[in-house]
Amino acid sequence: MNYLTPQTTIKGNSKGVEHCKNAFIQTLTTSNQGYRGLEADAFLRLNSSFLKYGHQPSEEMLEALKAVLKTMSDMANGSASNDVFLSSLDPGVGKTQAVISFIQALRASPLDEHFDVSVLMCVSRLSEIQGLVDLIGFDPLEFAVLTSDDGLNTLGRSDHANARFLFTTHKMVESRTEGRHFDDVREFHFVGERRQVLIWDEAMLPGATLTVGRDDISSILQPVRKAHPELGDALEELFVSLREQPNGARQKIPDFASTFDLTVEGALGAITNPTEDQKRTLKSLWLLSGKWITVRNDGGTGNTMLDYSETLPEGLAPVLVLDASGRVRQTYELWEQQRGGIVRLPEASKDYYDLEIRVWNTGGGKQSFRRNREMLLEGIAKTINKRPDEKWLIVHHKTGFGINVPRDLSRLLRNNSNVSYLNWGSHDATNQFADVKNVILAGTLFYPASYYESLGRASAGLPSEMGDFRSDWSEAIARGELKHVILQAACRGSVRKCIGDQCAPCTVYIIGSKRSEIKPLLKEVFPHCCISDWKPIRTTPKGKVAEALNFITEQLDQHPDSHVLFSEVQTAIAVLDSSNFRKNVREHPDFIEGLENRDIIIEKVGRRYAFMFNELCLFDDF
């Protein structure tokens, strides 16, 4: 959620400040005395808040924000088309402030103009609601909160149907409208009628990804078989058949619900204290029951079956979507091309000239952190300790399976008080760190091929039963999702701020291997930014380690889809004793780091071990 915070002085681009003042004055002078109309009054309030907070949007940004206000005004006046209106202005431009200004203008509108107009505000996180309520300045009788949090629901009135402004979450909308037309869901009505203004903050997707791998099925086999032997047999058959399917194959899976007369809740009841992964697996299997699925090979984890489920109800539009990632994600592009119904509101370029991005070309995935934890943490700590008096934000992998970045890093830092942490999954929708000028992305989020195809199929409205999914679409989805997570994570820091059409100064450090191809994408995400190498740890392999790395790299560069056997390397570097090769080369820290930097992995080929390029290096963070 983007909030503006007051500043004591206005710094930076004086042209942006002057334009903001001119727009404010023009709105005053061209409007009639008293009430000026909903859109004009909202724009007046927006400009007033920008002047107060020292926010300096460019003329292009102000025009794009006007389009956001006009869209909400059209919904309030009943003149908006039944479309999804997407505003993809970058973080910090003022999308949320525009919503606040509109709601304030709607509250001030004469009763004979908009007395029956109501608003449904859908957010991605519960924590955003309290902040919005405080900023808008609601009377408790004006609004209500409908979420899974009973404490949060007590903020406003308890009779939701009589609250003119209703706050809820994306998940609540999806769960309450499942299988129903939006207009028929009375929980979201105002005095018996559909709410006219519907605002969806952050990403909107028309469907949910469904992926189930062989390891997922194996995790539920034993407990399910004990309670439901026949269902256990069916799951085992699916487990076995999934292994034999070629990459890209399609098959129809059993309808577990009807065949065994069992709900997903009944199946879950067979597992004592099921994990979140087990719950997800069974729910996905039930949603996939009786459907055609696509089989996609996910590398080391084997075959995964995939499809998707529709999650947005019919009749939801018109709706305004505020998603800064709308300009970099391919999900909206596919939605627009294949499903239709998306109207893109005017965009406004943000200049990232004052953003410096430094890239450490080494693996930063979960597996990399497990293998090279000490080296990675040492590199991060060295970088922070050079400027211990400055504030830092670390975006890191979730704690678990041998990874605990906040705990382990804190032992190496000279000044822990200036370092804050966010784990991936909580790296968006907050401006708590908008004054932090140093951001470190300790690895980035990548997913398996099955996830990207599932996401793409959901966006395009192309279930497996309708045929193949184009490989170039999957590749575009993968690139778009990488750009999306980088944009959202980096923009938790000061780079989110605007000075005219430019970002505020910020340095972002990214751990990412060469083969993940992060660098070429960064210019697309952050136009005019400065990109350089970040090398906090410098090691130069020597002797047999260097010979081995050079030989392996040369062979794989010539034949990227091939492999190099251990025995071939031993022969090439004249270390014929396997135990010496293991001790002095394979287990040497410089050799391990060298493989990591080159995205080379060790796999079993037949009965022997070999080195090969990690073609699925992008997916080890899933």
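Which residues are buried in H17? In this predicted model, the buried residues of H17 are Ser 450, Tyr 451, Tyr 452, Glu 453, Ser 454, Leu 455, Gly 456, Arg 457, Ala 458, Ser 459 and Ala 460.

**Helix H17**

Helix H17 covers residues 449-460. From the first C-alpha to the last it reaches 16 Å, close to the 16 Å expected at 1.5 Å a residue. Eleven of the twelve residues of H17 are buried, and the helix is thus described as mostly covered. After H17 comes Gly 461, with a positive phi near 70°.

Strand E5 (residues 165-169) is mostly covered, with five of its five residues buried. In a regular strand the side chains alternate between the two faces of the sheet. In E5, Phe 165, Phe 167 and Thr 169 point one way, while Leu 166 and Thr 168 point the other way. E5 pairs in the parallel sense with strand E3 (residues 119-123) over five bridges, and Val 123 stands opposite Thr 169. Strand E4 (residues 143-146) also pairs with E5 in the parallel sense, over four bridges; here Val 145 has Phe 167 as its bridge partner.

**Nonpolar cores**

The largest nonpolar core holds 45 residues, of which Met 72, Phe 102, Phe 167 and Val 197 touch the most other members. Helix H3 (residues 59-77) gives the most to this core, with nine residues. Leaving aside residues up to four places away in sequence, Val 197 touches Met 72, Met 75, Ala 76, Phe 102, Val 117, Ser 118, Val 119 and Leu 120. Another core, of 44 residues, lies apart from it and includes Leu 355, Leu 393, Phe 433 and Trp 473.

**The sheet E21-E23-E22**

An open sheet is formed by three strands in the order E21-E23-E22, with antiparallel pairing. Strand E21 (564-565) and strand E22 (600-605) each have a single partner strand, so one side of each is left without a neighbour in the sheet. E22 and strand E23 (residues 608-613) pair over six bridges. Within this part of the model, the bridge partner of Ile 600 is Phe 613 in E23.

**Aromatic pairs and charges over rings**

The count of aromatic pairs comes to 19. Two of the pairs, both involving Phe 611, are compared below.

| Pair | Centre to centre | Angle between planes | Class |
|---|---|---|---|
| Phe 566 and Phe 611 | 4.9 Å | 35° | tilted |
| Phe 591 and Phe 611 | 5.8 Å | 80° | edge-to-face |

Phe 566 is buried at a relative accessible area of 13%, and Phe 611 is buried at 0%. The pair of Phe 591 and Phe 611 likewise links distant parts of the chain, 20 residues apart, with Phe 591 in helix H23 (residues 589-597). Both of these residues are buried. Phe 566, Phe 581, Phe 591, Tyr 609 and Phe 611 form one aromatic cluster.

Charged side chains also meet aromatic rings. The charged end of Arg 214 sits over the ring of Phe 239, 4.0 Å from its centre. Lys 291 lies over the face of Tyr 308, at 6.0 Å from the ring centre.

Notes:
Residues are numbered from 1 along each chain as its sequence is written. Side-chain values use heavy atoms; hydrogens and water are left out. Helices (H or I, at least four residues) and strands (E, at least two) are DSSP runs, numbered from the N terminus. The expected span of a helix is 1.5 Å times one less than its number of residues. Buried means under 20% relative accessible area, exposed over 50%, partly exposed in between (1.4 Å probe, protein chains only). Two strands pair if DSSP finds at least two bridges between them. A nonpolar core is a set of buried Ala, Val, Leu, Ile, Met, Phe, Trp, Tyr and Cys residues joined through side-chain atoms within 4.5 Å. Contact means heavy atoms within 4.5 Å. Rings of Phe, Tyr and Trp (its six-membered ring) pair if their centres lie within 6.5 Å; planes under 30 degrees apart count as stacked, over 60 as edge-to-face and the rest as tilted. A charge sits over a ring if NZ of Lys or CZ of Arg is within 6 Å of the ring centre and within 35 degrees of the ring normal.
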